[in-house]
Amino acid sequence: MLSPEKAKRLIAQYSDRDHRWMTVPVAIAALFVLLVTVKSCQGISYYHSDECRIYRLGYPIEDARTLVSVLSKAETDTFIARGEYDTIAMPVIQARYFIAANFVRYLNFHEADTTGAPLDVIVALVNVGYDRDRESSATPCDTSKGQLMLVNGRHYLEENYKPDSLVAFSMDYCYGHQQAQPAVVNAFMALQEACKQQTDAQLMINSAYRSYQQQIGTYKRNPKGYAARAGSSEHQAGLAIDVTSREHPMRWPFDKSEEGVWMREHCHEYGFILRYPKRQSLIFGFAYEPWHLRYVGKEVAKRVHDEDITYDEYYAYYIDNKGALTKPQSR
């Protein structure tokens, strides 16, 4: 017969055991509720994510992920706010000179374009600011870039700007009194010598450094599209030269001459680029100038030549954007 004390101990023992067994289903149920809640919250969060918002515009999920990885948060929001599927959204980010910060501008330019411009042209034009008003978007030239400074209608030199050092060309290299930065003078001397050896023609400079005030006169004397406004000329930087030859002193015959063709094909080997090539006038806003050379140094000149781009494009992609074309931006 059990004593009262032993009976109490047995009852307590079985009660504790029952309690422990009863916690298992309760715990399982609680875990299930927790998982459902987490999944529900994750679903709500994903529904409002940039990836899902782009997906709901009609893009495949992989494309949505790619766009999110490439664009900044601000650019993504602007893109989504357009509220529509765009057929060039994915092709444009594969373009060679794609710049993520210009993404929505590419789409807007394409939408407004009535000429059917190819994708690479759209990218080039937007990169150099063609889609923006020239006057309102103009900014002072960054002269700290030295021989790589960009001078054009959207990047201007102040009226009082003058290079720190200018060197006069010997009369064997130019007509009249001409000056340029020392690197330009040395490079042209080497260019002239090489051309003379290979073509028997002597290249000559008929214009180099021009001050702001001199450029005012040059602009007035020349037809529209053949001279830059004061402040927008590379001549003021002392980095540009207009070249002809003793044998063909007139500009257009020079373009067709043996030495003119040679200069166009070899100037990059001496640090010069043909600044205003024939087929890309929309990008820089001037007519073709086969005589106008710009000094940028051998490394940059080679890349501009090899990639067949203008200096405006080079500057936008490799200097302003530092070549970080399709890398994910901070979000």
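**Figure 1. Overall surface and fold of the predicted model.** The protein exposes about 18100 Å², and 55% of this area is supplied by carbon and sulfur atoms. Its secondary structure consists of 14 helices and 8 strands. The chain has 331 residues, of which 44% count as buried. Among contacts in the protein with a separation of 6 or more, 63% are between residues 24 or more positions apart.

**Figure 2. The largest pocket and its lining.** The space in the largest pocket is about 480 Å³. It is lined by 21 residues, and those closest to the pocket centre are Arg134, Glu135, Gly153, Arg229 and Ser232. By residue class, the lining of this pocket comprises 10 nonpolar, 5 polar and 6 charged residues.

**Figure 3. Helix H14, residues 311-320.** Helix H14 is largely enclosed by the rest of the structure, because 8 of its 10 residues are buried, that is, under 20% relative accessible area.

Definitions and conventions: Residues are numbered from 1 along each chain as its sequence is written. This is a predicted model: local features need pLDDT of at least 70, side-chain atom pairs count only at pLDDT 80 or more; totals for chains, interfaces and linings use all residues. Side-chain values use heavy atoms; hydrogens and water are left out. On a 1 Å grid over the protein atoms alone, a cavity is a set of points where a 1.4 Å probe fits but cannot get out, and a pocket is an open set with protein on both sides within 12 Å along at least five of seven lines; lining residues have an atom within 4 Å of a point. Grid points are joined across faces, edges and corners, and a volume is the space filled by probe spheres set on the points. Ala, Val, Leu, Ile, Met, Phe, Trp, Tyr, Cys and Pro count as nonpolar, Asp, Glu, Lys and Arg as charged, and the others, Gly among them, as polar. Helices (H or I, at least four residues) and strands (E, at least two) are DSSP runs, numbered from the N terminus. Buried means under 20% relative accessible area, exposed over 50%, partly exposed in between (1.4 Å probe, protein chains only). Contact means heavy atoms within 4.5 Å. Accessible areas come from the Shrake-Rupley method with a 1.4 Å probe; for residues, only the protein chains shown count as cover.
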